[in-house]
Amino acid sequence: MKILTAEFIRSCVAPEQFPPGDFREIAVVGRSNVGKSSLINSLLNRRDLAKVSRTPGKTRAVNLFRVATSDPDLAQFYLVDLPGYGFAKVSRSIRAEWAPLLEAYLTDRLPLLGVVLLVESRVVTDQDRQTLAWLRSVGHNPLVVATKADKLKPSERVRTLRQTHLDLGLIEGEMLIPYSAVTGDGRDRVWGALRDLAKI
Ligand SMILES: Nc1nc2c(ncn2[C@@H]2O[C@H](COP(=O)(O)OP(=O)(O)O)[C@@H](O)[C@H]2O)c(=O)[nH]1
Ligand SMILES: [Mg+2]
């Protein structure tokens, strides 16, 4: 499968700014700094389409990227970079402003085809578990991806990923895809899962 085009469309800070539902959408969710923007760039083979930040909590908007692929099932869709949760460095009032946007998007958005939940390999937080539970409670079955897999020592990789799977409360057979935006590890598996999602 080829990425034919990938372009930034817009940053939305209010539901009125969401597109009219012309294409299906796949949203990327996860705590701030987990690697959402890096995963989007890596999936799309682009260096800095989505801004990668060293300061957690900078992305406060819903950022839409339109992607055209050579895959007939996926064809064109929006990849959606959502604001991260768990931003220690952002004030409560600012956080209160965009949590409703995030919730509204994830519960009411008709073109939303699927959700990719990112967690960091080895570092599962209560907020990750709560987000997974909340996503399920509103009817999503997120594809769970463990980012920064390149940071794992090869000798510990299998054990650590199994522990991450366990810490998330995933059950036998539920997928946890290790991913590295640095090496491209997991990229094919994630694209495969997105294609499967589009077939349904
Ligand atoms: N080693 C490693 N670092 C990563 C990876 N993905 C992201 N990072 C780093 O983690 C930090 C946060 O990444 P970013 O994509 O901005 O996270 P976001 O806040 O979830 O969008 C940046 O310093 C990235 O360079 C990865 O796969 N491997
Ligand atoms: Mg980001």
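Because the model is predicted, local features were taken only at pLDDT of at least 70 and side-chain atom pairs only at pLDDT 80 or more, while totals for chains, interfaces and linings use all residues. Residues are numbered from 1 along each chain as its sequence is written, chains are lettered from A and ligands numbered from 1 in the order in which they are written, and side-chain values use heavy atoms, with hydrogens and water left out.

Ligand 1 is surrounded by 16 residues, a residue being counted if one of its heavy atoms lies within 4 Å of the ligand; the closest are Asn33, Lys36, Ser38, Asp150 and Ala181. By residue class, this shell comprises four nonpolar, seven polar and five charged members, where Ala, Val, Leu, Ile, Met, Phe, Trp, Tyr, Cys and Pro count as nonpolar, Asp, Glu, Lys and Arg as charged, and the others, Gly among them, as polar. Among the pairs of N or O atoms within 3.5 Å, an oxygen atom of ligand 1 lies 2.6 Å from a side-chain N or O atom of Ser38, and a nitrogen atom of the ligand lies 2.7 Å from a polar side-chain atom of Asp150. The backbone is also involved, a polar backbone atom of Ala181 being 2.7 Å from an oxygen atom of ligand 1.

Across the whole structure, 10 salt bridges were found, each defined as a side-chain nitrogen of Lys or Arg within 4 Å of a carboxyl oxygen of Asp or Glu. In one of them, Glu120 pairs with Arg31 at 2.9 Å between the closest N and O atoms; Glu120 belongs to strand E5 (residues 112-120), whereas Arg31 sits in the loop between strand E2 (24-30) and helix H1 (36-43), 89 residues apart. Both partners are buried (under 20% relative accessible area), Glu120 at 11% and Arg31 at 13%.

A further salt bridge joins Arg157 and Asp185, with the closest N and O atoms 3.0 Å apart, and it links helix H4 (residues 157-167) to the loop between strand E7 (176-178) and helix H5 (187-199). Here Arg157, at 25% relative accessibility, is partly exposed, as is Asp185 at 29%. Through shared partners, salt bridges also join Arg31, Glu120 and Lys148 into one network.

Terms used. Polar contact = N/O pair within 3.5 Å; in protein donor to acceptor, adjacent residues only side chain to side chain. Helix = DSSP H or I, 4+ residues; strand = E, 2+ residues; numbered from the N terminus. Buried < 20%, exposed > 50% of the residue type's maximum accessible area, 1.4 Å probe, protein only.
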